[in-house]
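Please look over the sequence and the structure below before reading on. The paragraphs after them go through selected places in turn.

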Amino acid sequence: MKLNDIADKAGSRKARMRVGRGIGSGKGKTAGRGGKGQTARSGVRIKGFEGGQMPIHRRLPKRGFNNIFRLDFAEINLDRLQDAIDAKLIDVSETITVESLVKAKVVRRPKAGMRLLGRGEIKAKLNIEVHGASKTAIAAIEKAGGTVKILAPAKKDEGEAA
């Protein structure tokens, strides 16, 4: 076996059809596009047109909406917080804020604020300031002897609302 002996299986690669190259090719004249009209032209075609019948995208009802005032929080679970404490990324003696978590690279970006969720266990006694927290997360931190301070969510800027 040599490199020049290596080849694809017979029939696995097919040459592309060369259209518009004379009547003998079988794809001459109209090049497989049929007769005249809009569909024979390049770049023009009615997408979603169903021959005058009301198109499906207009027959179906509209659903839902996008709330432009929705706040998107960065989320962190208790087990992730405990891992960061064990890895000495976070100083437990100081109050833990969103900025300290971003600086320690526990969270990539603060978004509209931080929300604390209750998955996992927390052993360390810590004081944390977040923009939202679940009941289980608050209960777990208070059980460990710490405190949770809920901050008012950061308001979206005018330019950011889109």
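Predicted model: local features only at pLDDT ≥ 70, side-chain atom pairs only at ≥ 80, totals over all residues.

Together with Leu-3 and Ile-6, Met-1 makes a nonpolar surface patch of about 450 Å². The C-alpha atom of Asp-5 is separated from that of Gly-34 by 43 Å, and the two residues are 29 apart along the chain.

The next topic is charge pairing. Side chains of opposite charge can pair when their charged atoms come close. How many salt bridges does a search of the whole structure find? The search finds 4, and one of them joins the side chains of Arg-13 and Asp-8, with an N to O distance of 2.2 Å. Arg-13 counts as exposed because its relative accessibility is 69%. For Asp-8 the value is 47%, and this residue counts as partly exposed.

A salt bridge also forms between the side chains of Lys-111 and Asp-72, at 3.8 Å from N to O. Lys-111 sits in the loop between helix H3 (98-103) and strand E2 (114-117), while Asp-72 sits in the loop between H1 and strand E1 (74-77), so this pair ties together parts that are 39 residues apart in sequence. Both ends are partly exposed: Lys-111 has 48% relative accessibility, and Asp-72 has a relative accessible area of 35%.

The side chains of Arg-119 and Asp-79 meet in a salt bridge as well, with N and O at 2.9 Å. Here the loop between E2 and strand E3 (127-130) supplies Arg-119 and helix H2 (residues 78-86) supplies Asp-79, so the pair ties together parts that are 40 residues apart in sequence. Arg-119 is exposed, with a relative accessible area of 52%, whereas Asp-79 counts as partly exposed at 23% relative accessibility.

Now turn to strand E3. In a regular strand the side chains alternate between the two faces of the sheet.

The last stop is Ser-134, in the loop between strand E4 (132-133) and helix H4 (135-143). Is Ser-134 buried or exposed? Ser-134 is buried, because its relative accessible area is 15% and buried means under 20%. If its neighbours within four places in sequence are left aside, Ser-134 is in contact with Arg-115, Leu-116, Leu-117 and Gly-118. The side chain of Ser-134 reaches the backbone nitrogen of Gly-118, at 3.4 Å.

How values were computed. Residues numbered from 1 in each chain as written. Heavy atoms only, no water. Helix = DSSP H or I, 4+ residues; strand = E, 2+ residues; numbered from the N terminus. Buried < 20%, exposed > 50% of the residue type's maximum accessible area, 1.4 Å probe, protein only. Polar contact = N/O pair within 3.5 Å; in protein donor to acceptor, adjacent residues only side chain to side chain. Contact = heavy atoms within 4.5 Å. Patch = residues over 30% accessible without salt bridge, like charges linked within 9 Å, V, L, I, M, F, W, Y side chains within 5 Å. Areas by Shrake-Rupley, 256 points an atom, 1.4 Å probe, with all protein chains shown as cover.
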